[in-house]
Amino acid sequence: MMIIDKNIALPVLSLIVAALAVFFGPIISWLIAKRYTSSSEKNVLLQTNASLKIANKQILAPMRQAWINSLRDLVAELAGKCAHYWAAGFEERRDDEYERITELEYKLALFINPKENDHKELLRKARLMIAFLEHGKEADENFWQSHKEVIELSQQILKTEWNRVKEEI
């Protein structure tokens, strides 16, 4: 049996432990750092995404609200001008009034979202209302029915858009 001298064994064991620490220490530190960094990066990404969503809501909600207000004003002016033009009768009608109605029609066409069916339907109904302006008193019932439909559909669209704003906030 071999006898190990304690004076030699202790330094040798210390050397082995030190060598293991030199080789495995950095590996263990790297693994721990990698695990901590990846979970830390995930937290940073989650926080960044949350911040972006909040920022988008703070930017988009006021923009959407401004769009809603502009659409309301546009449809109100269009419906009002058409009603006035209709009520004025053929003798009192002026070209500049009809010109303004045409401008509002095209502004509405540029204002709506062509991918949404109710928006396209609003434009169709507005154009029908404008077309009835040229038909005279025999189209009285048709004009006022289309006028009513434009107002009602506008109210539905405005309510839908307002609900989107509330969801964003």
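Reader: Is Tyr85 buried or exposed?

Author: The model is predicted: local features need pLDDT of at least 70, side-chain atom pairs count only at pLDDT 80 or more, and totals for chains, interfaces and linings use all residues. Residues are numbered from 1 along each chain as its sequence is written, and side-chain values use heavy atoms, leaving out hydrogens and water. Tyr85 has 6% relative accessibility. Buried means under 20% relative accessible area, exposed over 50%, partly exposed in between (1.4 Å probe, protein chains only), so Tyr85 counts as buried.

Reader: How many aromatic pairs are there?

Author: Rings of Phe, Tyr and Trp (its six-membered ring) pair if their centres lie within 6.5 Å; planes under 30 degrees apart are stacked, over 60 edge-to-face, the rest tilted. By this rule, the count of aromatic pairs is 4.

Reader: What is the geometry of the Tyr85 and Tyr98 pair?

Author: The ring centres of Tyr85 and Tyr98 are 5.5 Å apart. Their planes stand at 45 degrees, so the pair is tilted.

Reader: How many residues apart in sequence are the parts this pair ties together?

Author: Tyr85 lies in helix α1, Tyr98 in helix α2 (residues 95-111). Helices here are DSSP runs (H or I, at least four residues), numbered from the N terminus. The parts tied together are apart in sequence by 13 residues.

Reader: Is the Trp86 and Phe143 pair stacked or edge-to-face?

Author: The centres of these two rings are 4.7 Å apart.

Reader: Which helix holds Phe143?

Author: Trp86 and Phe143 are both buried. They link distant parts of the chain, 57 residues apart. Trp86 is in helix α1, and Phe143 is in helix α4 (residues 140-168).

Note on methods. Helices (H or I, at least four residues) and strands (E, at least two) are DSSP runs, numbered from the N terminus.
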